[in-house]
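Hi,

Here is the structure I promised to pass on. My notes on the sheet and one of its residues follow below.

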Amino acid sequence: MIFSGVKYFISPSLPAGRQDELSKFLDANGGSGVPVQDASHVITDTLQFEGEADAPEDVKVVTV
């Protein structure tokens, strides 16, 4: 699966409907939603996201 091994955190700054859409897509393709401190990727609409201080140093930050 394309997102196998991806542990993602979706920033709560994204609209709830978009968060749900992204979660369903990522989960269906091998991703796993996790708390920000366990994430390999953060999906956000801003570089200053909620939980930024708790994110791992090597986390990949991506925008939609």
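Start with Thr44, which stands opposite Thr63 in S4. Thr44 itself is found in strand S3.

Two notes on the source. This is a predicted model: local features need pLDDT of at least 70, side-chain atom pairs count only at pLDDT 80 or more, and totals for chains, interfaces and linings use all residues. Residues are numbered from 1 along each chain as its sequence is written, and side-chain values use heavy atoms, with hydrogens and water left out.

The sheet is open, with four strands in the order S2-S1-S3-S4 and parallel pairing. Strands pair if DSSP finds at least two bridges between them. S2 (32-33) and S4 (60-63) are the edge strands, each pairing on one side only. S3 (residues 41-44) runs parallel to S4, joined by four bridges. Val42 has Val61 as its bridge partner in S4. S1 and S3 pair over three bridges, also parallel. There, Ile10 stands opposite Ile43.

Back to Thr44. Its relative accessible area is 0%, so Thr44 counts as buried (under 20%; exposed is over 50%, partly exposed in between; 1.4 Å probe, protein chains only). Its contacts (heavy atoms within 4.5 Å), not counting residues up to four places away in sequence, include Ser11, Leu14, Phe49 and Val62. A polar atom of the Thr44 side chain lies 2.9 Å from the backbone oxygen of Thr46.

Best wishes

Technical notes: Helices (H or I, at least four residues) and strands (E, at least two) are DSSP runs, numbered from the N terminus. A polar contact is a pair of N or O atoms within 3.5 Å; within protein, one must be able to donate a hydrogen and the other to accept it, and residues adjacent in sequence count only if both atoms are side-chain atoms.
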